[in-house]
Amino acid sequence: TKQYGNSGKGIMNILFFSRLFYPHVGGVEKHVFELSLKLIKKGHKVVVITERYENKLKSQETIEGIKVYRIDVKNKSKKLAVWNWLFKNKNLIIDADVVHCHDVFFWYLPFRLLLPFKKAYTTFHGYEDYPLKSSQIIMHKIAEKFSYGNICIGKFIEKWYGTKADYISYGGVNISTSDKRQATSRNSAIFVGRLDEQTGIETYIKAVKLIRKKIPDFKFEIIGDGKFRKDIEKDFRVQGFKNDPQNYFQQYNFAFVSRYLSILEAILAKTLVFAVYDNPLKEDYLRMAPFSRYIVIVSSPSELVSKVLFYLDNPGKKEKIINDAYQWVKNQTWEEMVNIYLKLWRAKS
(Lines give C-alpha, C1' and ligand atoms only; values in the text may rest on other atoms or scores of the structure.)
Protein backbone atom coordinates (compact mmCIF):
# COMPACT_ATOMS: atom_id res chain seq x y z
CA THR A 1 0.00 0.00 0.00
CA LYS A 2 1.34 3.38 -0.98
CA GLN A 3 1.95 5.95 1.75
CA TYR A 4 1.78 9.71 1.50
CA GLY A 5 5.05 11.51 0.91
CA ASN A 6 6.52 14.43 2.82
CA SER A 7 4.32 17.02 1.12
CA GLY A 8 1.57 16.34 3.63
CA LYS A 9 -1.83 17.85 2.98
CA GLY A 10 -0.73 21.28 1.82
CA ILE A 11 -2.45 23.26 -0.92
CA MET A 12 -1.19 22.35 -4.38
CA ASN A 13 -1.21 24.08 -7.75
CA ILE A 14 -2.34 21.31 -10.10
CA LEU A 15 -1.97 21.49 -13.86
CA PHE A 16 -3.99 19.11 -16.03
CA PHE A 17 -3.45 18.48 -19.73
CA SER A 18 -6.49 17.13 -21.57
CA ARG A 19 -7.02 17.17 -25.33
CA LEU A 20 -10.69 18.08 -24.91
CA PHE A 21 -12.52 19.57 -21.93
CA TYR A 22 -15.85 21.04 -20.89
CA PRO A 23 -18.16 21.95 -22.60
CA HIS A 24 -17.11 19.09 -24.89
CA VAL A 25 -18.84 15.87 -23.83
CA GLY A 26 -16.89 12.66 -23.29
CA GLY A 27 -15.53 10.30 -20.65
CA VAL A 28 -12.10 11.95 -20.29
CA GLU A 29 -13.66 15.40 -20.25
CA LYS A 30 -16.05 14.43 -17.45
CA HIS A 31 -13.28 12.67 -15.53
CA VAL A 32 -11.08 15.79 -15.55
CA PHE A 33 -14.02 18.08 -14.76
CA GLU A 34 -15.30 16.08 -11.77
CA LEU A 35 -11.77 15.57 -10.49
CA SER A 36 -11.06 19.30 -10.73
CA LEU A 37 -14.24 20.25 -8.87
CA LYS A 38 -13.44 17.89 -6.01
CA LEU A 39 -9.82 19.08 -5.78
CA ILE A 40 -10.92 22.71 -5.65
CA LYS A 41 -13.38 21.81 -2.90
CA LYS A 42 -10.40 20.48 -0.93
CA GLY A 43 -8.67 23.85 -1.34
CA HIS A 44 -6.31 23.07 -4.23
CA LYS A 45 -5.91 25.25 -7.30
CA VAL A 46 -6.56 23.67 -10.70
CA VAL A 47 -5.55 24.76 -14.19
CA VAL A 48 -6.62 22.83 -17.29
CA ILE A 49 -4.86 23.23 -20.64
CA THR A 50 -6.88 21.92 -23.58
CA GLU A 51 -7.70 22.44 -27.26
CA ARG A 52 -9.90 25.28 -28.46
CA TYR A 53 -12.05 23.00 -30.59
CA GLU A 54 -14.62 25.68 -31.54
CA ASN A 55 -14.02 29.32 -32.46
CA LYS A 56 -16.80 30.51 -30.13
CA LEU A 57 -14.91 29.21 -27.08
CA LYS A 58 -12.82 31.66 -25.10
CA SER A 59 -9.05 31.21 -25.10
CA GLN A 60 -9.08 31.67 -21.35
CA GLU A 61 -11.86 31.50 -18.75
CA THR A 62 -12.69 30.25 -15.28
CA ILE A 63 -15.36 27.54 -14.99
CA GLU A 64 -16.57 26.80 -11.45
CA GLY A 65 -13.16 27.73 -10.09
CA ILE A 66 -11.20 25.83 -12.76
CA LYS A 67 -8.85 28.05 -14.78
CA VAL A 68 -9.11 26.85 -18.37
CA TYR A 69 -6.63 27.73 -21.12
CA ARG A 70 -7.45 26.69 -24.69
CA ILE A 71 -4.85 26.26 -27.42
CA ASP A 72 -5.89 27.07 -30.99
CA VAL A 73 -4.64 24.14 -33.07
CA LYS A 74 -6.82 24.49 -36.17
CA ASN A 75 -5.04 24.62 -39.52
CA LYS A 76 -1.70 24.02 -37.81
CA SER A 77 0.59 21.15 -36.96
CA LYS A 78 -0.95 20.12 -33.64
CA LYS A 79 2.28 19.20 -31.86
CA LEU A 80 4.03 22.40 -32.96
CA ALA A 81 1.02 24.56 -32.09
CA VAL A 82 0.81 23.03 -28.61
CA TRP A 83 4.54 23.20 -27.91
CA ASN A 84 4.78 26.79 -29.19
CA TRP A 85 1.88 27.86 -26.95
CA LEU A 86 3.35 26.08 -23.94
CA PHE A 87 6.76 27.70 -24.39
CA LYS A 88 5.05 31.10 -24.46
CA ASN A 89 3.07 30.21 -21.35
CA LYS A 90 5.69 28.13 -19.56
CA ASN A 91 5.01 29.85 -16.25
CA LEU A 92 1.87 27.72 -15.98
CA ILE A 93 4.15 24.68 -15.87
CA ILE A 94 6.83 26.28 -13.69
CA ASP A 95 4.23 27.39 -11.12
CA ALA A 96 2.58 23.96 -10.92
CA ASP A 97 3.33 21.63 -8.02
CA VAL A 98 1.88 18.73 -10.01
CA VAL A 99 1.57 18.25 -13.77
CA HIS A 100 -0.84 15.49 -14.78
CA CYS A 101 -1.45 14.48 -18.38
CA HIS A 102 -4.65 12.74 -19.43
CA ASP A 103 -3.39 10.65 -22.35
CA VAL A 104 -1.66 13.57 -24.13
CA PHE A 105 1.76 13.15 -22.54
CA PHE A 106 3.44 14.16 -25.81
CA TRP A 107 2.20 17.73 -25.12
CA TYR A 108 4.41 17.83 -22.05
CA LEU A 109 7.33 15.70 -23.27
CA PRO A 110 9.78 18.57 -24.14
CA PHE A 111 9.24 20.09 -20.69
CA ARG A 112 9.74 16.74 -18.99
CA LEU A 113 13.25 16.83 -20.50
CA LEU A 114 13.82 20.52 -19.76
CA LEU A 115 12.44 20.32 -16.22
CA PRO A 116 13.48 16.82 -15.11
CA PHE A 117 12.59 17.35 -11.45
CA LYS A 118 9.07 18.68 -12.09
CA LYS A 119 6.57 16.04 -10.94
CA ALA A 120 4.67 14.82 -14.01
CA TYR A 121 2.12 12.00 -14.10
CA THR A 122 -0.19 10.34 -16.62
CA THR A 123 -3.66 8.86 -16.64
CA PHE A 124 -4.25 6.42 -19.48
CA HIS A 125 -7.88 6.48 -20.63
CA GLY A 126 -9.42 3.86 -22.90
CA TYR A 127 -7.84 2.86 -26.19
CA GLU A 128 -7.45 4.38 -29.64
CA ASP A 129 -8.77 1.65 -31.94
CA TYR A 130 -8.41 -2.01 -32.82
CA PRO A 131 -6.06 -3.46 -33.75
CA LEU A 132 -3.65 -1.29 -31.81
CA LYS A 133 -0.84 0.25 -33.82
CA SER A 134 2.73 -0.23 -32.68
CA SER A 135 3.11 3.57 -32.60
CA GLN A 136 0.25 3.81 -30.08
CA ILE A 137 1.86 1.22 -27.83
CA ILE A 138 5.22 3.00 -28.09
CA MET A 139 3.68 6.35 -27.11
CA HIS A 140 2.14 4.67 -24.05
CA LYS A 141 5.51 3.22 -23.08
CA ILE A 142 7.23 6.61 -23.48
CA ALA A 143 4.57 8.26 -21.32
CA GLU A 144 4.93 5.52 -18.71
CA LYS A 145 8.72 5.73 -18.74
CA PHE A 146 8.88 9.51 -18.31
CA SER A 147 6.01 9.82 -15.83
CA TYR A 148 6.63 9.76 -12.09
CA GLY A 149 3.56 7.51 -11.82
CA ASN A 150 0.37 6.61 -13.63
CA ILE A 151 -3.28 5.66 -13.31
CA CYS A 152 -4.86 3.25 -15.78
CA ILE A 153 -8.58 3.52 -16.43
CA GLY A 154 -9.16 -0.18 -16.88
CA LYS A 155 -7.04 -3.25 -16.17
CA PHE A 156 -7.06 -4.14 -19.87
CA ILE A 157 -4.47 -1.37 -20.43
CA GLU A 158 -1.84 -3.40 -18.61
CA LYS A 159 -2.48 -6.37 -20.88
CA TRP A 160 -2.79 -4.61 -24.23
CA TYR A 161 -0.24 -1.79 -23.83
CA GLY A 162 2.16 -3.54 -21.46
CA THR A 163 1.76 -0.72 -18.95
CA LYS A 164 2.66 -1.26 -15.30
CA ALA A 165 -0.08 0.63 -13.47
CA ASP A 166 0.45 2.33 -10.13
CA TYR A 167 -3.32 2.46 -9.73
CA ILE A 168 -6.24 1.05 -11.72
CA SER A 169 -9.63 2.72 -11.64
CA TYR A 170 -12.82 2.97 -13.69
CA GLY A 171 -13.97 6.51 -13.01
CA GLY A 172 -16.60 7.58 -10.53
CA VAL A 173 -20.16 8.60 -9.83
CA ASN A 174 -21.88 11.31 -7.84
CA ILE A 175 -24.13 9.63 -5.29
CA SER A 176 -27.49 11.42 -5.35
CA THR A 177 -29.57 11.95 -2.23
CA SER A 178 -32.33 9.79 -3.70
CA ASP A 179 -31.94 6.44 -5.40
CA LYS A 180 -35.64 5.99 -6.13
CA ARG A 181 -36.31 4.96 -9.69
CA GLN A 182 -38.86 6.85 -11.71
CA ALA A 183 -41.80 5.09 -13.33
CA THR A 184 -40.33 2.98 -16.11
CA SER A 185 -41.73 1.30 -19.15
CA ARG A 186 -41.03 -2.45 -18.95
CA ASN A 187 -40.32 -2.72 -22.67
CA SER A 188 -37.71 0.00 -22.92
CA ALA A 189 -33.99 0.68 -23.26
CA ILE A 190 -31.77 3.73 -23.45
CA PHE A 191 -28.43 4.33 -25.13
CA VAL A 192 -26.12 7.07 -23.82
CA GLY A 193 -22.82 7.85 -25.51
CA ARG A 194 -21.03 8.86 -28.67
CA LEU A 195 -22.51 7.66 -31.93
CA ASP A 196 -19.41 5.97 -33.32
CA GLU A 197 -17.84 2.53 -33.68
CA GLN A 198 -16.37 2.41 -30.16
CA THR A 199 -19.69 2.54 -28.31
CA GLY A 200 -21.46 -0.35 -30.05
CA ILE A 201 -24.37 1.80 -31.23
CA GLU A 202 -24.69 -0.11 -34.52
CA THR A 203 -25.07 -3.43 -32.68
CA TYR A 204 -27.67 -1.94 -30.35
CA ILE A 205 -29.71 -0.55 -33.25
CA LYS A 206 -29.69 -3.88 -35.10
CA ALA A 207 -30.83 -5.58 -31.90
CA VAL A 208 -33.67 -3.11 -31.33
CA LYS A 209 -34.97 -3.71 -34.85
CA LEU A 210 -35.02 -7.45 -34.10
CA ILE A 211 -36.66 -6.92 -30.70
CA ARG A 212 -39.42 -4.85 -32.29
CA LYS A 213 -40.37 -7.80 -34.49
CA LYS A 214 -41.34 -9.57 -31.27
CA ILE A 215 -42.28 -6.50 -29.18
CA PRO A 216 -43.52 -3.76 -31.56
CA ASP A 217 -43.91 -1.14 -28.83
CA PHE A 218 -40.34 -1.58 -27.47
CA LYS A 219 -39.15 1.94 -26.67
CA PHE A 220 -35.55 2.93 -27.48
CA GLU A 221 -34.11 6.33 -26.51
CA ILE A 222 -30.80 7.58 -27.90
CA ILE A 223 -28.90 10.23 -25.92
CA GLY A 224 -25.70 11.27 -27.69
CA ASP A 225 -24.07 12.58 -30.81
CA GLY A 226 -21.35 11.65 -33.26
CA LYS A 227 -20.50 10.79 -36.85
CA PHE A 228 -23.23 8.12 -37.19
CA ARG A 229 -26.03 10.50 -36.18
CA LYS A 230 -27.37 11.28 -39.65
CA ASP A 231 -27.66 7.62 -40.60
CA ILE A 232 -29.26 6.72 -37.27
CA GLU A 233 -31.84 9.49 -37.57
CA LYS A 234 -33.26 7.81 -40.65
CA ASP A 235 -34.87 5.25 -38.31
CA PHE A 236 -34.61 6.66 -34.77
CA ARG A 237 -34.92 9.95 -32.96
CA VAL A 238 -31.64 11.18 -31.48
CA GLN A 239 -31.76 13.60 -28.56
CA GLY A 240 -28.14 14.73 -28.51
CA PHE A 241 -26.04 14.89 -25.36
CA LYS A 242 -27.63 15.66 -21.98
CA ASN A 243 -25.98 16.83 -18.77
CA ASP A 244 -27.92 14.53 -16.44
CA PRO A 245 -27.77 10.98 -17.88
CA GLN A 246 -28.60 9.37 -14.54
CA ASN A 247 -32.07 10.92 -14.60
CA TYR A 248 -32.61 9.43 -18.04
CA PHE A 249 -31.31 6.00 -17.05
CA GLN A 250 -33.86 5.88 -14.24
CA GLN A 251 -36.71 6.10 -16.74
CA TYR A 252 -35.80 2.93 -18.66
CA ASN A 253 -35.72 -0.77 -17.88
CA PHE A 254 -32.44 -1.47 -19.65
CA ALA A 255 -29.29 0.51 -20.47
CA PHE A 256 -27.50 -0.22 -23.74
CA VAL A 257 -24.05 1.20 -22.91
CA SER A 258 -20.52 -0.12 -23.18
CA ARG A 259 -18.20 2.64 -21.90
CA TYR A 260 -17.07 2.78 -18.28
CA LEU A 261 -18.64 6.02 -17.07
CA SER A 262 -22.00 5.31 -18.70
CA ILE A 263 -21.96 1.82 -17.20
CA LEU A 264 -21.29 3.21 -13.70
CA GLU A 265 -24.03 5.84 -14.07
CA ALA A 266 -26.54 3.25 -15.29
CA ILE A 267 -25.69 0.94 -12.39
CA LEU A 268 -26.17 3.84 -9.99
CA ALA A 269 -29.61 4.42 -11.52
CA LYS A 270 -30.45 0.73 -10.91
CA THR A 271 -30.80 0.02 -14.61
CA LEU A 272 -29.59 -3.31 -16.00
CA VAL A 273 -26.66 -2.79 -18.37
CA PHE A 274 -26.15 -4.63 -21.66
CA ALA A 275 -22.63 -4.02 -23.00
CA VAL A 276 -21.44 -5.13 -26.43
CA TYR A 277 -18.02 -5.89 -27.87
CA ASP A 278 -16.85 -6.59 -31.42
CA ASN A 279 -13.15 -7.33 -30.94
CA PRO A 280 -10.88 -9.05 -28.36
CA LEU A 281 -9.62 -5.76 -26.91
CA LYS A 282 -13.13 -4.47 -26.20
CA GLU A 283 -14.04 -7.84 -24.73
CA ASP A 284 -11.16 -7.54 -22.25
CA TYR A 285 -12.14 -3.90 -21.64
CA LEU A 286 -15.47 -5.22 -20.34
CA ARG A 287 -14.67 -8.64 -18.87
CA MET A 288 -11.57 -7.55 -16.92
CA ALA A 289 -13.54 -4.81 -15.14
CA PRO A 290 -14.71 -5.51 -11.56
CA PHE A 291 -18.31 -4.75 -12.51
CA SER A 292 -18.38 -7.41 -15.26
CA ARG A 293 -20.42 -9.74 -13.03
CA TYR A 294 -23.09 -7.06 -12.67
CA ILE A 295 -23.68 -6.44 -16.39
CA VAL A 296 -24.73 -8.50 -19.41
CA ILE A 297 -21.87 -8.76 -21.92
CA VAL A 298 -22.71 -9.82 -25.48
CA SER A 299 -21.05 -9.83 -28.91
CA SER A 300 -23.89 -9.78 -31.44
CA PRO A 301 -27.37 -8.36 -32.04
CA SER A 302 -28.97 -11.84 -31.82
CA GLU A 303 -27.26 -12.57 -28.50
CA LEU A 304 -28.40 -9.20 -27.16
CA VAL A 305 -32.00 -9.90 -28.22
CA SER A 306 -31.89 -13.28 -26.48
CA LYS A 307 -30.62 -11.75 -23.22
CA VAL A 308 -33.16 -8.90 -23.28
CA LEU A 309 -36.02 -11.36 -23.72
CA PHE A 310 -34.63 -13.53 -20.92
CA TYR A 311 -34.57 -10.70 -18.40
CA LEU A 312 -37.98 -9.48 -19.47
CA ASP A 313 -39.26 -12.96 -18.61
CA ASN A 314 -37.19 -13.17 -15.39
CA PRO A 315 -37.54 -9.82 -13.60
CA GLY A 316 -36.49 -11.33 -10.27
CA LYS A 317 -33.07 -12.25 -11.66
CA LYS A 318 -32.73 -8.76 -13.09
CA GLU A 319 -33.52 -7.18 -9.72
CA LYS A 320 -30.93 -9.36 -7.96
CA ILE A 321 -28.20 -8.21 -10.38
CA ILE A 322 -29.03 -4.50 -10.21
CA ASN A 323 -29.30 -4.49 -6.41
CA ASP A 324 -25.91 -6.20 -6.03
CA ALA A 325 -24.45 -3.81 -8.61
CA TYR A 326 -25.83 -0.80 -6.75
CA GLN A 327 -24.17 -1.86 -3.51
CA TRP A 328 -20.85 -2.08 -5.38
CA VAL A 329 -21.10 1.21 -7.26
CA LYS A 330 -21.92 3.23 -4.13
CA ASN A 331 -18.22 3.04 -3.26
CA GLN A 332 -17.03 4.18 -6.70
CA THR A 333 -17.33 7.90 -6.04
CA TRP A 334 -15.42 10.83 -7.47
CA GLU A 335 -14.24 11.53 -3.93
CA GLU A 336 -12.55 8.12 -3.93
CA MET A 337 -11.10 8.91 -7.34
CA VAL A 338 -9.58 12.12 -5.97
CA ASN A 339 -8.03 10.14 -3.11
CA ILE A 340 -6.28 7.89 -5.64
CA TYR A 341 -4.76 10.93 -7.35
CA LEU A 342 -3.63 12.43 -4.05
CA LYS A 343 -2.07 9.14 -2.97
CA LEU A 344 -0.20 8.91 -6.27
CA TRP A 345 1.12 12.46 -6.10
CA ARG A 346 2.11 12.26 -2.42
CA ALA A 347 3.64 8.80 -2.60
CA LYS A 348 5.84 9.83 -5.52
CA SER A 349 6.78 13.29 -4.17
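# A first look at this predicted model

Gly-200 touches Ser-258 and Val-276, leaving aside residues up to four places away in sequence.

**Around Gly-200**

- To find Gly-200, look in the loop between strand S9 (185-192) and helix H7 (201-214).
- Is Gly-200 buried or exposed? Its relative accessibility is 12%, under the 20% cut-off, so Gly-200 counts as buried.
- Gly-200 and Ser-258 lie 58 residues apart along the chain, yet 6.9 Å separates their C-alpha atoms.

**The protein as a whole**

- The C-alpha trace spans about 65 × 45 × 40 Å along the principal axes of the protein.
- Of the 349 residues in the protein, 52% are buried.
- Taking the contacts with a separation of 6 or more, 65% are between residues 24 or more positions apart.

- Five strands form an open sheet in the order S10-S9-S11-S12-S13, and their pairing is parallel.
- Strand S10 (219-223) and strand S13 (296-298) are the edge strands, each pairing on one side only.
- From one strand to the next, the twist averages 25°.
- Helix H7 packs on this sheet and touches S9, S10, S11 and strand S12 (272-276). The direction of H7 makes about 165° with that of S10.
- S9 pairs with S10 in the parallel sense over 5 bridges, and Ala-189 has Phe-220 in S10 as its bridge partner.
- S9 also pairs in the parallel sense with strand S11 (residues 252-256), over 3 bridges. Here the bridge partner of Ser-185 is Tyr-252 in S11.
- How many of the 5 residues of S10 are buried? The number is 4, so S10 is largely enclosed by the rest of the structure, even though S10 is an edge strand.

**The sheet of 8 strands**

- A second open sheet to look for has 8 strands in the order S3-S4-S2-S1-S5-S6-S7-S8, with mixed pairing.
- The edges of this sheet are S3 and strand S8 (167-169), and each of them pairs on one side only.
- The twist here averages 20° from one strand to the next.
- Strand S2 (residues 45-51) and S4 are parallel partners, joined over 5 bridges. Within this pair, Glu-51 stands opposite Ile-71 in S4.
- Helix H1 packs on this sheet, where its contacts are strand S1 (13-18), S2, S3, S4, strand S5 (98-102), strand S6 (120-125) and strand S7 (150-153). The direction of H1 makes about 170° with that of S1.
- Strand S3 (residues 60-63) and strand S4 (residues 66-71) run antiparallel and are joined by 4 bridges. Thr-62 stands opposite Lys-67 in S4.
- The hairpin of S3 and S4 has 2 residues between the strands, and Glu-64 in this hairpin takes a positive phi near 50°.

**Two helices to look at**

- Helix H1 (residues 27-41) has 15 residues and reaches 21 Å from its first C-alpha to its last, close to the 21 Å expected at 1.5 Å a residue.
- Which residues of H1 are buried? They are Glu-29, His-31, Val-32, Phe-33, Glu-34, Leu-35, Ser-36, Lys-38 and Leu-39.
- Just after H1 comes Gly-43, which takes a positive phi of about 100°.
- Helix H14 (residues 334-347) has 14 residues, and from its first C-alpha to its last it reaches 20 Å, close to the 20 Å expected at 1.5 Å a residue.
- The buried residues of H14 include Trp-334, Met-337, Val-338, Tyr-341 and Trp-345.

Conventions
Residues are numbered from 1 along each chain as its sequence is written. This is a predicted model: local features need pLDDT of at least 70, side-chain atom pairs count only at pLDDT 80 or more; totals for chains, interfaces and linings use all residues. Side-chain values use heavy atoms; hydrogens and water are left out. The expected span of a helix is 1.5 Å times one less than its number of residues. Buried means under 20% relative accessible area, exposed over 50%, partly exposed in between (1.4 Å probe, protein chains only). Two strands pair if DSSP finds at least two bridges between them. Axes are lines fitted to C-alpha atoms, for helices over the stretch in contact, and angles run from 0 to 180 degrees between N-to-C directions. Contact means heavy atoms within 4.5 Å.
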